[in-house]
There are 4 protein chains.
Amino acid sequence: MGDDSWLRSDIGKSTPDTITVRGRNLATELMGQVTFTEMAFFLSAARMPSPGETRLFDAALVALADHGLTPSALAARLTWTGATESLQGAVASGLLGAGNVFLGVVDDTARFLAAILADPTEGAVERAVQAEIDAGRRIPGLGHPVHKVEDPRTPRLYAIADEAGIPIPHLTVLRTVAEVHAAATGKALPINGAGVAGAAFADLGLPPAVIRGFALLARTAGIVGHLAEEMEHPIGRQLWLDVEHRAAQE
Amino acid sequence: MGDDSWLRSDIGKSTPDTITVRGRNLATELMGQVTFTEMAFFLSAARMPSPGETRLFDAALVALADHGLTPSALAARLTWTGATESLQGAVASGLLGAGNVFLGVVDDTARFLAAILADPTEGAVERAVQAEIDAGRRIPGLGHPVHKVEDPRTPRLYAIADEAGIPIPHLTVLRTVAEVHAAATGKALPINGAGVAGAAFADLGLPPAVIRGFALLARTAGIVGHLAEEMEHPIGRQLWLDVEHRAAQE
Amino acid sequence: MGDDSWLRSDIGKSTPDTITVRGRNLATELMGQVTFTEMAFFLSAARMPSPGETRLFDAALVALADHGLTPSALAARLTWTGATESLQGAVASGLLGAGNVFLGVVDDTARFLAAILADPTEGAVERAVQAEIDAGRRIPGLGHPVHKVEDPRTPRLYAIADEAGIPIPHLTVLRTVAEVHAAATGKALPINGAGVAGAAFADLGLPPAVIRGFALLARTAGIVGHLAEEMEHPIGRQLWLDVEHRAAQE
Amino acid sequence: MGDDSWLRSDIGKSTPDTITVRGRNLATELMGQVTFTEMAFFLSAARMPSPGETRLFDAALVALADHGLTPSALAARLTWTGATESLQGAVASGLLGAGNVFLGVVDDTARFLAAILADPTEGAVERAVQAEIDAGRRIPGLGHPVHKVEDPRTPRLYAIADEAGIPIPHLTVLRTVAEVHAAATGKALPINGAGVAGAAFADLGLPPAVIRGFALLARTAGIVGHLAEEMEHPIGRQLWLDVEHRAAQE
């Protein structure tokens, strides 16, 4: 085959005596030394987060973990109804619905804010907001169908970010975006929880393309919770029969 | 529709001002107050873990998060190679390979140990081990293809469980199972990392059917890490071309 | 690399001028020469079906293609609601619910009948049926929640199999199984559509472990149909809001 | 519940005696009367294809069914290696890699051609091709990494379309697109198999958003074939060990 240098991964290696993850000994340097939150960050970012970063990362993951009986949670439960031999299938089914419509806000917001921060000229926020308005598009991270005045997660994550004492350029610009949008349209939209979490992930140095992965990680915890409840108190089968019954009415 | 009482979930509820998860206010009682590890436990178990339980749960999740270029990590990377529009598809693909062959050990071990603990008569371990030997089956949680003498995660998780100061009946029985198996067969097999994690999850009070969900949660962090690396340093496309090239040789 | 002989597939090969599938030239010997049904059979069975086999295979695939607003169809639609960038994710989500509870009947029936046919001694059907009754298990392929007297697909598939003029040992034994069960229990259960399709696939020489794959192929056509309808006349979002609204009532 | 009129599907309905699909009796009007190919078309298009349309549809599905050891086939096999309890998981994993990079060509081509056909002014092809060239983008449906001069599926599908005797505006424009592109760049690129199949699906009246669904249907047959071969002659586990071994070399 010639040169195999392309075939390498810095994530994990094993010998009979040791397991190494991103250069650290799993048993002695990671287990019992770092939380799962720190481990998740470390696996992707290839560096351990600071205590302040961990605090903000934990809060953003907690904020995104669950949103009740979402399409994603319902898909996971309905998949479990038909395939109880494979919990991984039900979890995967739930994650597959965590796409552009709902969870995409997380990385859309990160990308939108990164583009503004990459523009050093004055009026960058105003131009970016106006461009979305002119194109008839929503501003990523603004507005929520239920929390019309304020998303309760938003002020809380800003407070935690302040306490964490780390640089938060994306979060800061997001607040300006909301103000500029309100001034330009005369209509104040709240910063939503997905948007604020996306800005927080970006401030932690995670690339936009990877950010959705952390929203998926957070949501996995929620989906497992829904499946645990489904095993105790199933609703999938009854939901199916209810839908069939109602659809059959004329 | 008549009675809708079947259609309820205790996991999440929203009003314009508040989001409630398992009875707690998400913004004020969970964000910034609990780690993502505690949140994941809380979502499924409907109770907050104690500090000792959290320490053991964190360590078990960290132990299971990654195992290098496994079939599961390769499937996620190859899926990303063909479908970069959907990170959730690549993560889901990786989770779908976390099934009975590898990750099933986690809940198989929990079930095997729970059955022993449910048998109050003397000699329960000996009988259970002998039954597996007689049936020509492997003992769940024993043996590892690479770590033939000792899996480095195992003594570490036992040490963390001791420090945590919580009751660990499953972990304790697992050690006895290994000793009884060695005595019965004359061949000492190490307790593997998946087995010890399964026993730890069971000692945390998680039902066997849900335990695989936490192995999936841990693995999601690893898969996201692999996809983050794949974006920086792709191997999926080259692996495909390499396989095609070698398969075409006669 | 040493010996690469393990790394081969007889399914497909390409050169700059030709594509070969299972030894046949795709462009000149397959496209326009065989139907997709024959191609699907050929890809797995490595032989082309006879006209009679094709007729039975087509009918079994048609019988299994759709069952209305099943949990599987609902999961696909709800996944599409959240992730419109990835049709493959919605299709995959629908297939993940086609597991042991519903579609498993197809291969369970094939396995059950194959075990009976493998037993040359007299009374094999009676013993196999009685063993299931004694164990308190359902007989694979018998009974249907809606079609309590007769599943309309069953007599039709038997008639098509007769017309096809091919050996149908599994289908024949399935009829005996239903009679023996009725005699043993005094309760006549109809042969269901999944069971009769499973017996038909087995009579076509497909191994039980692969048979579920053809049920999945059939179901893919149905899921794509549901997603085509969902794009025209969406119900996923409204279903979600309806569920949330009803679950919020106390 | 108020008005349930939104909750309806025209695809399938059941009574104790009958199953109706898109208005036809499944047992008497579909099974034994139509092929699976016609059924798949009917489920999505809500009309039965003509014989000529069926011939073209069959040929396009056959053309797309398999491409050897693709990333998608490898992901399905590796998923099976880790999770043999769930064939649907392995099939789903394979489909998840059938995304924008490879299979997206099918609907990208359909969309590109539809936009040209929607423009009644002269020079529409030239302008559309030039716009892609100016933007530095590939023309959807042109070029192939292996079949650099001619993709053998392309002339064959054109011949079948001619024989079918149905209107083929998309296929006709695609040929012009290739000529215009060659004239504009001085570099002749072949029309690839995915592009020609996408144009054929569009000529059959299928909407671009649904077209990828038929590529997925075709690919499901190929993935099931790969999994059938994997059960007989596994390569997933050896591929994993081979990758781990090579990645561990320094």
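Two residues are in contact when their C-beta atoms, placed from the backbone, lie within 7 Å of each other. With that in hand, here are some views of the structure. It is a predicted model, in which local features need pLDDT of at least 70 and side-chain atom pairs count only at pLDDT 80 or more, while totals for chains, interfaces and linings use all residues. Residues are numbered from 1 along each chain as its sequence is written, and chains are lettered from A and ligands numbered from 1 in the order in which they are written.

**View 1. Where chain B touches chain C.** In this view, 15 residues of chain B are in contact with 15 residues of chain C. Helix 5 (87–96) and helix 12 (236–248) of chain B each supply at least two residues of the side that touches chain C. Helix 12 of chain B gives the most to this side, with four residues. Helices here (H or I, at least four residues) and strands (E, at least two) are DSSP runs, numbered from the N terminus. Sorted by class, the side of chain B that touches chain C has five nonpolar, five polar and five charged residues. For these classes, Ala, Val, Leu, Ile, Met, Phe, Trp, Tyr, Cys and Pro count as nonpolar, Asp, Glu, Lys and Arg as charged, and the others, Gly among them, as polar.

**View 2. Where chain B touches chain A.** This contact takes 77 residues from chain B and 76 residues from chain A. Helix 11 (residues 208–232) of chain B brings the largest share of the side of chain B that touches chain A, 17 residues. By class, that side has 44 nonpolar, 22 polar and eleven charged residues. Chain B is superposed on chain A (RMSD 0.0 Å) by a rotation of 180° with 0.0 Å of shift along its axis. Look for B:Ala92: its C-alpha is the one in chain B nearest the axis, 2.3 Å from it. Here too the copies meet through the same surface, since 99% of the interface residues of chain B are also interface residues in chain A.

**View 3. Chain A as a whole.** Chain A has twelve helices and three strands, and its C-alpha atoms fill a box of roughly 65 × 60 × 45 Å, taken along the principal axes. Of its 250 residues, 60% count as buried. A residue is buried if 20 or more other C-beta atoms lie within 10 Å of its own, exposed if 12 or fewer, and partly exposed in between, with C-beta atoms placed from the backbone. Among contacts in chain A with a separation of 6 or more, 74% are between residues 24 or more positions apart.

**View 4. A:Ala200 and its neighbours.** A:Ala200 sits in helix 10 (residues 193–203) of chain A. With 32 C-beta neighbours inside 10 Å, A:Ala200 counts as buried. Leaving aside neighbours within four places in sequence, A:Ala200 is in contact with A:Leu56, A:Ala60, A:Leu157, A:Ala161 and A:Leu171. A:Ala200 and A:Ala60 are 140 residues apart in sequence, yet 7.1 Å apart in space, C-alpha to C-alpha.

**View 5. Helix 9 of chain B.** Helix 9 (residues 169–185) of chain B has 17 residues and reaches 24 Å from its first C-alpha to its last, close to the 24 Å expected at 1.5 Å a residue. The expected span is 1.5 Å times one less than the number of residues. In this helix B:His170, B:Leu171, B:Val173, B:Leu174, B:Val177, B:Ala178 and B:His181 are buried. They cover an arc of only 160° around the axis, which puts them on the same side of helix 9 of chain B. The arc is that of the directions from the helix axis to the C-beta atoms. The buried residues of helix 9 pack against helix 6 (104–117), helix 7 (124–134), helix 8 (153–164) and helix 10 (193–203) of chain B.

How values were computed:
Least-squares fit on C-alpha atoms with pLDDT ≥ 70 in both.
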